[in-house]
Number of protein chains: 4
Amino acid sequence: MRFFSDNAAPVHPAIFTAMADANVLDTAYDGDRWSKALDARFSELFETEVRALWVPSGTAANCLALAAMCPPHGSIVCHRDAHIQNDECGAPEFYTHGAKLFLADGDGAKLTPQTISAVLDATRYDVHQTQPHAISITNATEYGRVYSPAEVAAIGDLAKARKLGLHMDGARFANAVASLECAPADVTWRAGVTALSFGFIKNGGMNAEALIFFDTDLADATLYRRKRAGMLLCKGRYLAAQLLAMTEGDLWLDLARNANTGAALLAAAAGDRLVHPVEANEVFIRVSAAEAASLRALGFDFYDWGPGEARLVISWNQDPADIRPLADAIAAL
Amino acid sequence: MRFFSDNAAPVHPAIFTAMADANVLDTAYDGDRWSKALDARFSELFETEVRALWVPSGTAANCLALAAMCPPHGSIVCHRDAHIQNDECGAPEFYTHGAKLFLADGDGAKLTPQTISAVLDATRYDVHQTQPHAISITNATEYGRVYSPAEVAAIGDLAKARKLGLHMDGARFANAVASLECAPADVTWRAGVTALSFGFIKNGGMNAEALIFFDTDLADATLYRRKRAGMLLCKGRYLAAQLLAMTEGDLWLDLARNANTGAALLAAAAGDRLVHPVEANEVFIRVSAAEAASLRALGFDFYDWGPGEARLVISWNQDPADIRPLADAIAAL
Amino acid sequence: MRFFSDNAAPVHPAIFTAMADANVLDTAYDGDRWSKALDARFSELFETEVRALWVPSGTAANCLALAAMCPPHGSIVCHRDAHIQNDECGAPEFYTHGAKLFLADGDGAKLTPQTISAVLDATRYDVHQTQPHAISITNATEYGRVYSPAEVAAIGDLAKARKLGLHMDGARFANAVASLECAPADVTWRAGVTALSFGFIKNGGMNAEALIFFDTDLADATLYRRKRAGMLLCKGRYLAAQLLAMTEGDLWLDLARNANTGAALLAAAAGDRLVHPVEANEVFIRVSAAEAASLRALGFDFYDWGPGEARLVISWNQDPADIRPLADAIAAL
Amino acid sequence: MRFFSDNAAPVHPAIFTAMADANVLDTAYDGDRWSKALDARFSELFETEVRALWVPSGTAANCLALAAMCPPHGSIVCHRDAHIQNDECGAPEFYTHGAKLFLADGDGAKLTPQTISAVLDATRYDVHQTQPHAISITNATEYGRVYSPAEVAAIGDLAKARKLGLHMDGARFANAVASLECAPADVTWRAGVTALSFGFIKNGGMNAEALIFFDTDLADATLYRRKRAGMLLCKGRYLAAQLLAMTEGDLWLDLARNANTGAALLAAAAGDRLVHPVEANEVFIRVSAAEAASLRALGFDFYDWGPGEARLVISWNQDPADIRPLADAIAAL
């Protein structure tokens, strides 16, 4: 069994059905009826008026959001372990035309008002330094931690006080919401989030993510930036159809809950080995090289995560029956 | 019947089958076996060693190719009606970090060594002007004209003499090759083309185009640029599978031939109304506003193309039986 | 005698005196008392509140102004012979992060509301094309023509109606104002100009130009862009002192008047040979290769300007006595 | 007396003399005889063939050097207290089109092969991270520390082994060389430096720095980048003349020696208060708020440098007689 990444998982059958249903002649780009339905669908899901754009990657969602908030001569505060800092090959710098990422600290890749303020307060307010224009947080984080509505709201208050945009990288937003059992609105706009990269691909989608603007004024220029980035795909309806399928009923939540449940199963088995509390679908454990090798010998695949640690990610399609053997093997180490 | 654009057409069933076959757990991004098969597949198709990268849009293919050839302080010669100039919202400028497009002339959006040289010769070779680093041609052109191998080779010779890269925007490359009945190699690298945007989406694909480097040295840095642009999609195998399906047997050629045949049917009916010779799957005709209205009243949809002209595009899935009524209606005007 | 360019001329003694007076310890960058005096000095000169920034080159002034008006996904309408298009090696694209220049026509490098509208009206208002955000005109133009207040106001009205910024490249603004005998305000903000590159270097300065914002809201972000471009020089007082010296009394106008007078002298001698009416300090004449050679044989240096034409530029320090021999030689051709 | 910054100091008389001597008509931009003399002058000074370009600011020199070494999708290792990271408002990101700065540690803002390797080794060599292309060190550092030839060579060896460019920010290069009493070549190209920002402005110049390429292949494209940045000033001879004046005889070294001597005087007085060893012209001392206030009450001006610290910078024109009173006051605290 492979526990490398939810990126590696297959695509949910509902995605294929939805794309097949969209397989008719319609207007190119985003003029089709599926694309046009997104604003309403996500406005309903978030209980407020939003603008929703499809994009084919989370990196695109993140970077279009950041470019909407931060000029080239500005900066963005994020965690030093953030995906936008470490895993996007400078895409934020590309899309923002060179804005700087200011790196803050926090356990489990979670920022706090204190760690953010430490960075903000270290900035001189003169023209010799780029000035912060936005904060970016990841929910669930790169270490599978979840920000609660109250935690986001505390950061949202800071952002508002400092006149900064607040972006949420929600590559695993579904896992976070499933974990929190809250309304999606509670952990986003009600807590001060300006724009959300709402991830579906890790959660069973194929190649469509949603970029959600709660500050709807940011959307218009983004339409130009999306086109200019080559991200306005010719036949957008196949992306829009994916998003509509995932948000039909609670499919997106059901899939995330399943993955979270699997992670909880591993967490229970791992006990003291856990590096971080398990709140979503990622499990980081302490294992020696020999222990890691013994797990692999049993057929379990995963990434080493620095010396003495391993990362195990549960995907939407992995059943408890698939996961139990790994849990047992960990417990038996 | 709608003759707006081949962009609006549905997707060929083989694409769905291929994506379903790829719907298994595999490595993320482009580490999967489908993505890894692309170099070999396209090397075979082009009878030489190439590097082949999937990208989700033709704009991305074009602009990654141009960025590989031209530094930010350089310029690219293209036709003044080129897609990269008029229809990509400045994406070439975004990807190249501000290189300039130098606009040349030519009937039917076709450049010639003469019109290209006119632009090159008007450039002062000092630091006050950006220096040309590449030529970009479109085959088939924006007006449905086709460059022959000899015509491309004449431009290729010029490019070589001037030490310029030669990019071919092949959004409708299949239609060009189907029209020319030549080997794909003849109209590309054998004629001096350095990089090709090989389009599949207009020809029945969903969201995968191939960026082909005949100058294979250009590929390595492009892998970073693709990631940095947010274009390295998480589950790349669904794109790679599309390209493999389209190039299995002669599917790509068969579909293009069908579209070209439909266009020829319209061309025969249009006679003197033709604005450009019909060589691929686009037909531009002279019609008065009243005539255009009468065609629309019969249920035919298409774009006006400036005053007194209309553009009719045939898609891969339109049968002669679908097209005959329009041909008759045009003949009867 | 050399008539190549006013760029080649020496520096007026008042500049040296002013720099020597500023040669004391003061605050670095632009915190010194000379730099701080610029807003007031130029506000007085323009009879309205302006923000005035020193920069060391006209290209910097032009491009900071354009970047203040136009986002990366926008475009700027300028004449196809404009300095920003032909002589700045893509600096506008660099500073704006890839905005496009849309090229319009007009005799003597002068735009008109009609030629600008032709370009604007050819733009599709969809996301596939960059949208115009600004117009840039040059006064005096690259061919030594001058826009009158009424002519600028007609363009200003168009800019306002279309919600576009209006930039004036005033590399030879002094020559234009000297020619028009109007208030500087009349041909700038009263006529709708948003920002002015006010040139001093060609007019006897050393390395200081003024970037004037009539729309003062544009200045704040520009302070960051200037620093980010490496244009906030360490010891700015030596630039500020130059600007103050040039605008002390009417020095800038006196020097420009002298150059214009010299050009008028040549114009009178050239008669039918003139390519453009002579309104500032540049004279374009029709001369055969043999005639050009004969002038050079007499010791007069100048640039050929395409086949059969020559450009003669008069500098601030050239006396009528210096120019008379050339006038006589032209008349004698 | 003001000890804020060597940026605030006046300009040496030889600069004025040299600019006055250059105040004749000559070719514009960098075609004049002063600009053309720079390659030879600096090649002599460095005992090897170099390419030398004038630029009006240290930020421009730094960023043109970095852009010559690092593509937009690359990264540059520098100290976390480096000027390019903290004091240039994102200019490196602007000139490189978004390359990332990777921050390394080291006492006194000095990098070591170990601290650089720690950063390099933490980089994954896949397309998800920007790959290092250059190292940038500052000599003398932001804290007035000096790299010896051996220390630079150790970093140069690492750079060579890793195929990285090595840039030296020499805003206070003169102070470093004066301190080291070595040949300029020893601490630059002989130690593996690829490009040097050779600062003159802090050392008595007005607005000219030299960008020196030891890897002369990097110079050609930089000429375009300099123009494109608006940095090719119209009347470049006034900048070139400054550089020639400063490197005539040992003027640049004499001025730096004087400043260093002054700093040594303060260092001796400060004793245990020193935060960093004093090796150039900057002195960082521990002082309480009350002590700092008492120094200011005596007429000494300087910057606080974080809580409990103060920075004192000695300029080229400050005599021991000027500095003694401050030394006495510090000793008396």
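**Entry 1: the model.** I am working from a predicted model. I keep that in view for everything below.

**Entry 2: extent.** I looked up the contacts first. On chain D, 17 residues touch 17 residues of chain A. I then looked up the area. The two chains bury about 1,300 Å² between them. Carbon and sulfur atoms account for 42% of that.

Entry 3: How many salt bridges cross the interface of chain D and chain A? I found four by the rule. I looked at one of them, D:R124 with A:D87. Their closest N and O atoms lie 2.9 Å apart. I also looked up polar contacts between chain D and chain A, and the count is 12 residue pairs, both residues at pLDDT 80 or more.

**Entry 4: what chain D brings.** I turned to the side of chain D that touches chain A. There, α5 (83-86) and β3 (100-104) of chain D each supply at least two residues. The largest share comes from α5(D), with three residues. By type, I have four nonpolar, eight polar and five charged residues on this side of chain D.

**Entry 5: symmetry.** I checked how the copies are related. Chain D superposes on chain A by a rotation of 180 degrees, with 0.0 Å of shift along the axis and an RMSD of 0.0 Å. I note this as the relation of a two-fold axis. Which residue of chain D comes closest to the rotation axis? It is D:G98, its C-alpha at 2.1 Å.

**Entry 6: shared surface.** I compared the two sides last. Of the interface residues of chain D, 100% are also interface residues in chain A, so the copies meet through the same surface.

Note on methods
Residues numbered from 1 in each chain as written. Chains lettered and ligands numbered in written order. Predicted model: local features only at pLDDT ≥ 70, side-chain atom pairs only at ≥ 80, totals over all residues. Heavy atoms only, no water. Contact = heavy atoms within 4.5 Å. Buried area = accessible area lost by both parts, 1.4 Å probe. Salt bridge = Lys/Arg side-chain N within 4 Å of Asp/Glu carboxyl O. Polar contact = N/O pair within 3.5 Å; in protein donor to acceptor, adjacent residues only side chain to side chain. Helix = DSSP H or I, 4+ residues; strand = E, 2+ residues; numbered from the N terminus. Nonpolar A, V, L, I, M, F, W, Y, C, P; charged D, E, K, R; others polar. Least-squares fit on C-alpha atoms with pLDDT ≥ 70 in both.
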